[in-house]
Amino acid sequence: MATSSINNIFLDLGGVLLDIDVAKTVTAYNAMRRPGAPEVDYHRESKDRWFSRLDCGEIEIDEFAQGLKDSFQLEGNLEEIKAVWASLLLNLFPGRTEAVQRLAQTHQVALLSNTSRYHFHIYEPECRDMFGAMHHVFVSFELGVNKPNPAIYAKVLEKTGWKAEETLFLDDSLKNLEAAEAAGIQTLHIGKPEDFELIWERLGLPEKA
């Protein structure tokens with residue numbers, strides 16, 4: 001068992017468990033703009049309202065695509081706009097399924113991801129074994145709120161019954177981590193994929209099982 005005070009773990013998906021290409025997506029959308037149109041704001045630390053509304057389940061993919069088309073004067077049709085959004089997703093980082101399965105043997109583990117129903121149905125088949133090892137899977141489009149809104153942390157702590165001070169949260173967004181810390185949750189920033197390996201030391205576990 002781990003020797004640390006951490007009993008529970010929240011894991012972000014994109015950038016932590018699943019590889020994503022934010023830069024490619026932003027570049028592709030901006031390349032679709034008419035001359036003089038505003039730049040598309042979608043980054044790890046800031047997002048236009050259309051992205052947040054999709055993640056919170058307020059709208060579905062067709063309304064999202066139309067919203068982007070109108071707001072940023074995109075020249076592509078709705079299917080092309082949706083295809084760019086799908087291209088954000090790459091593949092699971094190597095070894096992540098096995099790592100989650102191992103963590104779930106010693107800790108309570110849950111996903112906590114800002115994601116849309118549209119994206120979820122794309123990556124869920126590849127992630128099924130990993131999600132199956134988790135004790136909870138929390139996605140923003142079902143919760144109706146997304147990170148870094150303080151309400152999401154209160155909601156998932158209530159649903160799990162976990163104590164904030166005994167819980168560790170891994171995310172690639174500093175804003176999301178700052179909000180979690182304000183809720184009393186311990187955090188670990190995953191600035192690059194290999195930072196995930198820091199979790200073993202943080203939990204007092206050997207790197208190899």
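I began with phenylalanine 51, which is buried at a relative accessible area of 0%. For this term I took buried as under 20% relative accessible area, exposed as over 50% and partly exposed as in between, with a 1.4 Å probe and protein chains only.

Basis of the entries. I worked on a predicted model, in which local features need pLDDT of at least 70 and side-chain atom pairs count only at pLDDT 80 or more, while totals for chains, interfaces and linings use all residues. Residues are numbered from 1 along each chain as its sequence is written, and side-chain values use heavy atoms, with hydrogens and water left out.

Aromatic pairs. I paired rings of Phe, Tyr and Trp (its six-membered ring) if their centres lie within 6.5 Å, with planes under 30 degrees apart counted as stacked, over 60 as edge-to-face and the rest as tilted. Tyrosine 42 is buried, at 8% relative accessibility. I then looked up phenylalanine 51 with tryptophan 85, which is also a tilted pair, at 5.2 Å centre to centre and 50° between the planes. This pair links distant parts of the chain, as phenylalanine 51 is in helix 2 (residues 49-55) and tryptophan 85 in helix 4, 34 residues apart. For numbering I used DSSP runs from the N terminus, helices being H or I of at least four residues and strands E of at least two. Tryptophan 85 is buried, with a relative accessible area of 1%. Ring pairs link Tyr42, Phe51, Phe64 and Trp85 into a cluster.

Helix 3 against helix 4. I found that the axes of helix 3 (residues 61-72) and helix 4 (residues 78-86) come within 9 Å and cross at roughly 100°. Helix 3 is therefore roughly perpendicular to helix 4. The axes are lines fitted to C-alpha atoms, for helices over the stretch in contact, and angles run from 0 to 180 degrees between N-to-C directions. Angles under 35 degrees count as roughly parallel, over 145 as roughly antiparallel, 65 to 115 as roughly perpendicular and the rest as oblique. Taking contact as heavy atoms within 4.5 Å, I listed Ile61, Asp62, Phe64, Ala65, Gln66, Leu68 and Lys69 of helix 3 as meeting Leu78, Ile81, Lys82 and Trp85 of helix 4.

The loop between them. I noted glutamine 73 in the loop between helix 3 and helix 4. Phi of glutamine 73 is near 55°, a positive value in a residue other than glycine. Glutamine 73 is partly exposed, at a relative accessible area of 32%.

Charges over rings. I counted a charge as over a ring if NZ of Lys or CZ of Arg is within 6 Å of the ring centre and within 35 degrees of the ring normal. The charged end of arginine 96 sits over the ring of phenylalanine 196, 4.2 Å from the ring centre. Arginine 102 lies over the face of tryptophan 200, at 4.0 Å from the ring centre.

Leaving aside residues up to four places away in sequence, asparagine 176 touches Lys147, Pro148, Tyr153, Phe169 and Asp171. The peptide bond from lysine 147 to proline 148 is cis, with omega near 10°. Proline 148 is in the loop between helix 7 (140-143) and helix 8 (150-160). Glutamate 178, in helix 9 (residues 174-182), is exposed at 52% relative accessibility.
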